[in-house]
Amino acid sequence: MSGHQASAGAPHGSDGLNGFHVEISKHFTFEAAHHLGGLPEGHQCGRHHGHSYRVEVRLTADKLTGPGFITDFGELEPFAAYIKQSFDHRDLNEVLNVEPTSELLAVHLARWFIEHVEPAIPGRLVAVVVSETAKTSATCTVSERK
């Protein structure tokens, strides 16, 4: 039996990564309206309209905790609560202090997550993806941090 045989399953208590990069993701949804300024007259996004938004957060960690988690999905509940309380069935023009594009909403949510959720969990945010439709999305990738 070769020495590599033992690495087929990670020993109990090991993080099990052995050079691999692992990410998890969780999706959240909300319904909201908005309109965008600065567009040519007649542009469809300049009119007040709504979307069924989908937000995905992606997390990673240098090592796994507990039974092999980056972060227990239950620990993301504060983010779910923030989305529901702040954005669900709201006019994004009234609740954001920036133009409510998917790109700027992704940046806003990434900043909020890093400040309010990340300090209390073992994982760290990699990216936030905001989708207004099934065919479009904007991704805010978090720069490397020490």
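**Exercise 1. Classify H89 by accessibility: is H89 buried or exposed?**

Step 1. Take the cut-offs: buried means under 20% relative accessible area, exposed over 50%, and partly exposed in between (1.4 Å probe, protein chains only).
Step 2. H89 has a relative accessible area of 63%, so H89 is exposed.
Step 3. Locate H89: it sits in the loop between α1 (77-86) and β3 (90-91). Helices (H or I, at least four residues) and strands (E, at least two) are DSSP runs, numbered from the N terminus.
Step 4. Check the backbone. H89 is not a glycine, yet its phi is positive, about 55 degrees.

Basis for all the exercises: this is a predicted model, where local features need pLDDT of at least 70, side-chain atom pairs count only at pLDDT 80 or more, and totals for chains, interfaces and linings use all residues. Residues are numbered from 1 along each chain as its sequence is written, and side-chain values use heavy atoms, with hydrogens and water left out.

**Exercise 2. Find the salt bridges and describe the partners. How many salt bridges are there?**

Step 1. Apply the rule: a side-chain nitrogen of Lys or Arg within 4 Å of a carboxyl oxygen of Asp or Glu. The count is two salt bridges.
Step 2. R58 and E56 form a salt bridge, at 3.3 Å from N to O. R58 has 28% relative accessibility and is therefore partly exposed. E56, at 14%, counts as buried.
Step 3. R124 forms a salt bridge with D62, with the closest N and O atoms 3.2 Å apart. This pair links distant parts of the chain: R124 is in strand β4 (residues 124-133), D62 is in the loop between β2 (49-60) and α1, and they are 62 residues apart. R124 is partly exposed at 28%. D62 is exposed at 63%.

**Exercise 3. Trace the aromatic pairs. How many does the whole structure hold?**

Step 1. Rings of Phe, Tyr and Trp (its six-membered ring) pair if their centres lie within 6.5 Å; planes under 30 degrees apart are stacked, over 60 edge-to-face, the rest tilted.
Step 2. The search finds seven aromatic pairs.
Step 3. F30 and Y53 have ring centres 4.7 Å apart and planes at 5 degrees, so they are stacked. F30 is in strand β1 and Y53 in strand β2, 23 residues apart. Both are buried.
Step 4. Y82 and W112 have centres 4.0 Å apart and planes at 10 degrees, so this pair is stacked. Y82 lies in helix α1 and W112 in helix α3, so the pair ties together parts 30 residues apart in sequence. Y82 is buried at 14%. W112 is buried at 16%.
Step 5. Ring pairs link F28, F30, Y53, F79, Y82, F87, W112 and F113 into a cluster.
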